[in-house]
Each structure stands twice: as C-alpha cells, then as structure tokens.
Amino acid sequence: MIAGAAFDVEAVFRREAGRVLATLIRLLGDFDLAEDARQEAFAAAIAQWPTEGMPLHPRAWLIAAGRNKIIDRIRRDGLFRTKIADLEIASAQSNDAAEPELDDAVFGDDRLRLIFTCCHPALNPEAQIALTLREVCGLSTQAVARAFLVGEETMSQRLVRAKRKIREARIPYETPSPAALDERFDGVLGVIYSVFTEGYAATAGDRLIDVELCAEAVRLGKLLDELMPDRAALVGLLALMLLHDARRGARVSASGDIVLLEDQDRSLWDQTKIAAGLALVERALSVKGTVSPYTVQAAIAALHARAPDSHATDWPQIVGLYAVLSRLQPSPVVELNRAVAISMVDGAAPALQLLESLAARGQAIEYHLLHAARARFLQMLGRIAEAREAYAAALACTVSEPERRLLAARAATLER
Amino acid sequence: MNYLLLIYSNEAEFAALGTAALATISEEYAEFTKSIVQAGKFKAADRLRPVSTASTVRVRNGKTAITDGPFAETREQLGGFYLVDAKDLDEAIAIAARIPSARHGSIEVRPIWPLT
C-alpha cells in the first residue's frame, strides 16, 4: 500500500477500466457479470483507497475485488447453481496463477480476446461496431446510441441481444486459431474503419460524437498495433485514418458547407496528425508481402497531405495508386476516384469516358457522386446542357443537406 | 456443446444435376461424414424430403394449426442436418463450412438448447 500518497482514483479507473473488464470477462465467463464486477470493484476502491491507501498493484486489486464480490453475490443469492462450480474453478485457477495476472502479456491477451469476441462474424456488423464501442472503447450506451442515431433503449436492447448470442451460441472468448486469424483480423480492421467512417461522414457541423468516434477508431487501431505489432494492413489503416482526420478542420466551412479537398485551406490541416500519418505510411510500405488496400488509400492521402495545393499534387502517381487499388478492391467508388485523378492529368475527356463505361456496366447508376463527377467533366468540356442534366440527376439522389447545397452551388456556376 | 448444422440448398437446382454430379456429391458427403465420425464430433445426420412435404405447426390459444409448406419461403430449402458436438461456435462453424453444400447453399448453425 502506498499510504498517504496523493493519487487520482479517477485516473486509475480510466487507465485500467478496459483491461480490468477484459480480464473479468475471462474469469467470470460472462459480459454482464464482468461489468457488474468492475462496477463493484470501483465502488470498493472509492470506499477503501482514500483511507487505506492505494494498493501496490491497483489493477490486480480491482480484478480480485470484482471477482470476489460477484462470487459472494452468487453464493448469497443462490442463483446460477450450475454456474457456481465453473466460477469456483476459474477462481481457484486464477489464485494459483496470481503472479501472471500482473503480467502485461496476460492483460494484452485478454484485451485481444475482447476485441476478437466483439468483432466476431457471427454477430451482425452493426452489433460488432456497437459492442466494440461499448465494451472495448468503454463508451456509454447513450453515446453508442447517439453514434447510431437511435434511442438509448433501442441500443441497449441491441447490446443485450449481442451479448446473449455470445453466451448462448458459445462464441469463444479467444483469439482466433492461426488458420482463421488473418480473416478475423481483417474483420476487426473493418470494424475499426467503420467506427472511423461513422465519425467522418460529412454531416452539417461537427457533432461532438463524430470527433469522439474518429478518436476512438485511432485509439483502437493503436491499441491493436501494440497488441499485434507490425501488421501492415493495420499500420496502413492507422495512417489512412490520421491523414483523413488531419483535414477535419478544413472540411466544413463556418456556415456548415462542405469544402472540397481542392478548395480547402490547407493551413487548417493538423500537421501533427499528418506527420504521424506520413511516418505510418512509410512503415506500412516497408513491411514485405501483399500491400493492403488501406495502405494504398493511405499512400494517396499522403500525396494530398504533402502537396501545398491541388495543382501541385502528384496526380500521375495518384492515378497509378488508384489503378492498384481498383485491382485489389474493385468498386465503383474507386473507379470514380480514379476518373477524377485522370481528369487532373489527362483532362476531362478520358475521365468522362471511364465514367461512361462504368455507367454502361450498370454500376453505381444511383450513386450521386457519379452524376456529380460527370457533371463536372461535362462542364470542363463545355457541354453545358448535358452538365446541367447531370447536376439535376445528382441532386435527385442526394439525401444529405450539405451535399445538396454543394451541388446546387456547383450547378449555379454553369449559368455564369 | 451440441450444434445443429442445417443444410439449405436449392432443390430445383439439385434435382437438375446429372447422375455423375450427384454421385460425386454423395461421395463427398460420405467422406465428410466419415471424417467427423472419426473425429468424435458426429451425433446424428439425415437427409430431408423435399420442402413440398413440409408442414408448419403452430399452436394458438390451445388450438393446433397446421399449414402446408415450410415456415418461410426462400430461394433455398432445408435439405438435411448434422448434429455435432463442438467445443464452441468457432469449431461448429468450421465443421459447417466443410459440408459440401456450404459451397452452393447455406448452413444454418443452431446451438442446441438442452431440454434438461
């Protein structure tokens, strides 16, 4: 005990909450019991630490306190008769292994177990994201509900359902077997990226929760990079997220209008994030093996980040990177971005041709950005009447208000 | 833990397969079954009659209502099952993925809820 030392219980809780929960889930074999256990442990700490002093190993103390309180409660209530035998076994085993509990490697393993369990493919994708935000990032149910634009009650039910499935279908609290690891790891990256894009989607103004989601995605990525280092796709994803997040301050004007990359005030870009992102791109590219789509996207973002303005951007290299990306991960969105890059190198005519072939294949017809890009290319080629029609088509399938305003403003330039 | 692996596939497409293709699939099934029996994972398995023979039973207010057909119409129909003993969902999914029909149909994995 560190008697009389000044300490900040809140800071300890913030630092240890995730690790304590991850280990308690393993020891108690149940998410809800573990959450209760953690809460009781924190309550006990608030009651005891100020008078008795902070224990030498606060984390181990919290875990032991939480586990013991839950086992006491179960004994007292006489509930879960069949479960108590299991719990006592788990408890006895962990007493035997008291020392390794202090080891960061064990806690790291538990946090990985928690991440992989929350991102298990047997849970639907939305549940994976919600559960990860709640259990791994420690967001309140209310905050998760806000992120998904649903009521707290609805979100609470979704989380309950996901945890029930984990329990009843016996989704293992384990890191995946080597045979399944790569695929499952990609799944976790998908969840992290979804958290990020959820927070990065263009909305009018900056909701606080959006900023928080992007920060959580980056934090999750860094945690995973600590636990499973040097996985190129993750490093690429981290770089991608930082380089995009760096532009946050320049993406929306004071009046809530979208500012396109080419028009952004680059002095508003966050240079600290850019520097970190650029270093990560280098790291991702230095890992041998197949390059990940995240890394290619990060490399594209890096070229934008390095350029003083749109004209000074290395567009030929961006065209090349989009070609690589469309081989790795073919999609209409990638083709569309490739067309925009081509228009910066070879002019609007070949770019328009690429879009027409995309539309001819029946892809992305309803995709408003496709119409918007077409309109832009037609305008550049002086085909004003067709451009006007394309802007109208784009407006017809846009739902977001800031995007409507952007398109309307662009269409208005035709009439000048 | 026991898991029921439900095999969904398109009956019409299956019926349209030639004798040679059917023989190949039968062999694959025999091989797969033998392998999970040997691994001690096998509990029970069988093939189901076509969905046209299915009935759905519902009891409402004490009355039994029987309707013709499966409970939901989809492109695929329940065609068979394996009951297996797996340590967790990951193992059950891994076994399910080895069922030959997983390649063209779907396998529904349902944890068994013991009656005791």
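This is a predicted model: local features need pLDDT of at least 70, side-chain atom pairs count only at pLDDT 80 or more; totals for chains, interfaces and linings use all residues.
Chain A has 20 helices and zero strands, whereas the secondary structure of chain B comes to three helices and six strands.

**Chain A overall**

- Of the 416 residues in chain A, 35% are buried, and the secondary structure that holds them consists of 20 helices with zero strands.

**Helices H16 and H17 of chain A**

- Two packed helices are described by the angle between their axes and the distance between the axes.
- For helix H16 (residues 332–346) of chain A and helix H17 (residues 348–360) of chain A, the axes come within 7 Å and cross at roughly 165 degrees, an angle that makes H16(A) roughly antiparallel to H17(A) because it is over 145 degrees.
- The crossing in which H16(A) passes H17(A) is right-handed.
- On the side of H16(A), the contact is made by Pro332(A), Glu335(A), Arg338(A), Ala339(A), Val340(A), Ile342(A), Ser343(A) and Asp346(A), while H17(A) contributes Ala348(A), Pro350(A), Ala351(A), Leu354(A), Leu355(A) and Leu358(A).
- Sorted by class, this contact of H16(A) with H17(A) has ten nonpolar residues, one polar residue and three charged residues.

**Helices H13 and H14 of chain A**

- The axes of helix H13 (residues 271–286) of chain A and helix H14 (residues 293–306) of chain A come within 10 Å and cross at roughly 140 degrees, and H13(A) and H14(A) are therefore oblique to each other.
- The handedness of the crossing between H13(A) and H14(A) is left-handed.
- From H13(A), the residues that make the contact are Ile274(A), Gly277(A), Leu278(A), Val281(A), Ala284(A) and Leu285(A), and from H14(A) they are Thr295(A), Ala298(A), Ala299(A), Ala302(A) and Ala305(A).
- By class, the contact of H13(A) with H14(A) has nine nonpolar and two polar residues, with no charged residues.

- Ala130(A) is found in helix H6 (residues 125–136) of chain A, and Ala130(A) counts as buried because it has 25 C-beta neighbours inside 10 Å, where the cut-off for a buried residue is 20 or more.
- Leaving aside neighbours within four places in sequence, Ala130(A) is in contact with Val144(A), Phe148(A), Met155(A), Arg158(A) and Leu159(A).
- Ala130(A) and Tyr173(A) are 43 residues apart along the chain, and their C-alpha atoms are separated by 18 Å.

**Chain B overall**

- Read along the sequence, chain B follows the pattern β-α-α-β-β-β-β-α-β, and 17% of its 116 residues are buried.
- Among the contacts in chain B with a separation of 6 or more, residues 24 or more positions apart account for 75%.

**The sheet of chain B**

- Four strands of chain B form an open sheet in the order E2-E5-E1-E6, with antiparallel pairing.
- Strand E2 (42–47) and strand E6 (106–111) of chain B stand at the edges with a single partner strand each, so one side of each is left without a neighbour in the sheet.
- From one strand to the next, the twist of this sheet averages 20 degrees.
- Strand E1 (residues 2–9) of chain B pairs with E6(B) in the antiparallel sense over six bridges, and E1(B) pairs with E5(B), also antiparallel, over eight bridges.
- Opposite Leu4(B) stands Arg110(B) in E6(B), opposite Tyr3(B) stands Pro111(B) in E6(B), and the bridge partner of Leu6(B) in E5(B) is Phe81(B).
- In a regular strand the side chains alternate between the two faces of the sheet.
- Helix H3 (residues 89–96) of chain B lies across E1, strand E5 (77–85) and E6 of chain B, and runs at about 155 degrees to E6(B).

**Contact between the chains**

- Five residues of chain B are in contact with six residues of chain A.
- The side of chain B that touches chain A has three nonpolar and two charged residues by class, with no polar residues.

Note on methods. Residues are numbered from 1 along each chain as its sequence is written. Chains are lettered from A and ligands numbered from 1 in the order in which they are written. Two residues are in contact if their C-beta atoms, placed from the backbone, lie within 7 Å. Ala, Val, Leu, Ile, Met, Phe, Trp, Tyr, Cys and Pro count as nonpolar, Asp, Glu, Lys and Arg as charged, and the others, Gly among them, as polar. Axes are lines fitted to C-alpha atoms, for helices over the stretch in contact, and angles run from 0 to 180 degrees between N-to-C directions. Helices (H or I, at least four residues) and strands (E, at least two) are DSSP runs, numbered from the N terminus. Angles under 35 degrees count as roughly parallel, over 145 as roughly antiparallel, 65 to 115 as roughly perpendicular and the rest as oblique. A crossing is left-handed if the near helix is turned anticlockwise from the far one by less than a right angle, and right-handed if clockwise. A residue is buried if 20 or more other C-beta atoms lie within 10 Å of its own, exposed if 12 or fewer, and partly exposed in between; C-beta atoms are placed from the backbone. Two strands pair if DSSP finds at least two bridges between them.
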